Amino acid sequence: MKMYVKFDFNALCKKILDEKLKEHGLKYRLLNFGEVEFYETLTQEQHKTFKKNLEDYGIEIIENQKTTLVQKIKDTIVELVFSGEIIPVKASIYIAEKLNHSYGYLSNLFSEVTHTSIENFIILQKIEHAKELIIGNKQSLTEIAHKLNYSSVAHLSTQFKNTTGITPSQFQKIVMKRRKVTSLMINTKMHYE
């Protein structure tokens, strides 16, 4: 039997982080996504143990200021793309205002650290979200294009194909075919039991 599950990575990471902080008996408060303010200084041993504990979940403590700012850029983009809200300003303006830095500085820093552009990262996140929405099977491609702030389905299709190698329609057909095969296998298995 297969089950399709949708993840809210921000909520998941926040919950794990909160649980692990409590588990370690640390006094803290969660600020923005990915930011923790400690009320007491951590010993080197506490820091090392906590860091190792988080790594088991794929969560990494960022210790470099540049890397921290790049992570904030990524978090802002993920929040922007996955929020489901249509932002009335360009992504560049939204990111610059949210992080209180010029977009030029953020863009150069992002490229320097990640070896890709903010624009490419935005496209990748939009395509990932489009895949989730297609798998969710509750919206048409027109609705998905609108939700992700594309000017048209054709624009979404072009970026989707450039990123994945197939069109959203082809991806939709693959998802439907897999569901049909899975359903058929479940029904056949139940029939023989």
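User: What does D18 form a salt bridge with?
Analyst: With K22; the closest N and O atoms are 3.3 Å apart. Keep in mind that this is a predicted model.

User: How far apart in helix α1 are D18 and K22?
Analyst: They are 4 residues apart, so about one helical turn separates D18 from K22.

User: And how exposed are D18 and K22?
Analyst: D18 is partly exposed at 22% relative accessibility. K22 is exposed, with a relative accessible area of 57%.

User: Which residue does K20 meet in a salt bridge?
Analyst: The side chain of K20 meets that of E23, at 3.1 Å from N to O. Both sit in helix α1, 3 residues apart, which is about one turn of the helix.

User: Is K20 buried or exposed?
Analyst: K20 is buried, because its relative accessible area is 9% and the cut-off for buried is under 20%.

User: What about K98, which side chain does it meet?
Analyst: K98 pairs with E79 in a salt bridge, 2.9 Å from N to O. K98 lies in helix α4 (residues 91-99) and E79 in helix α3 (residues 65-82), so this pair ties together parts that are 19 residues apart in sequence. Both partners are partly exposed: K98 has a relative accessible area of 44%, and E79 comes out at 31%.

User: How many salt bridges does a search of the whole structure find?
Analyst: It finds 7.

User: OK, switching to packing. At what angle do α6 and α8 cross?
Analyst: Roughly 100°, with the axes coming within 10 Å. For reference, α6 covers residues 118-136 and α8 covers residues 153-164.

User: Which residues in α6 and α8 meet?
Analyst: On the α6 side they are I123, L124, I127, A130, K131 and I134. On the α8 side they are L156, Q159, F160, T163 and T164.

User: Where is Q125 found, and is it buried or exposed?
Analyst: Q125 is in helix α6, and it is buried, with a relative accessible area of 15%.

User: What is Q125 in contact with, leaving aside neighbours within four places in sequence?
Analyst: I77, V78, V81 and F82.

User: V78, hmm. How far apart are F9 and V78?
Analyst: They are 69 residues apart in sequence, and 9.7 Å apart in space, C-alpha to C-alpha. F9 lies in helix α1 and counts as exposed at 52% relative accessibility.

User: Which residues make the nonpolar surface patch?
Analyst: M3, V5, F7, F9 and L12 make a patch of about 550 Å². F7 is in the segment before α1 (9-23) and is partly exposed at 47%.

User: Last topic, backbone. What is phi for H115?
Analyst: H115 has a positive phi of about 65°, although it is not a glycine. H115 sits in the loop between α5 (103-114) and α6, and it is exposed at 72% relative accessibility.

User: And phi of N149?
Analyst: Near 65°, again a positive value in a residue other than glycine. N149 is in the loop between α7 (141-147) and α8. N149 is partly exposed, with a relative accessible area of 49%.

Technical notes. Residues numbered from 1 in each chain as written. Predicted model: local features only at pLDDT ≥ 70, side-chain atom pairs only at ≥ 80, totals over all residues. Heavy atoms only, no water. Helix = DSSP H or I, 4+ residues; strand = E, 2+ residues; numbered from the N terminus. Buried < 20%, exposed > 50% of the residue type's maximum accessible area, 1.4 Å probe, protein only. Contact = heavy atoms within 4.5 Å. Patch = residues over 30% accessible without salt bridge, like charges linked within 9 Å, V, L, I, M, F, W, Y side chains within 5 Å. Areas by Shrake-Rupley, 256 points an atom, 1.4 Å probe, with all protein chains shown as cover. Salt bridge = Lys/Arg side-chain N within 4 Å of Asp/Glu carboxyl O. Axes fitted to C-alpha atoms, helices over the stretch in contact; angles between N-to-C directions.
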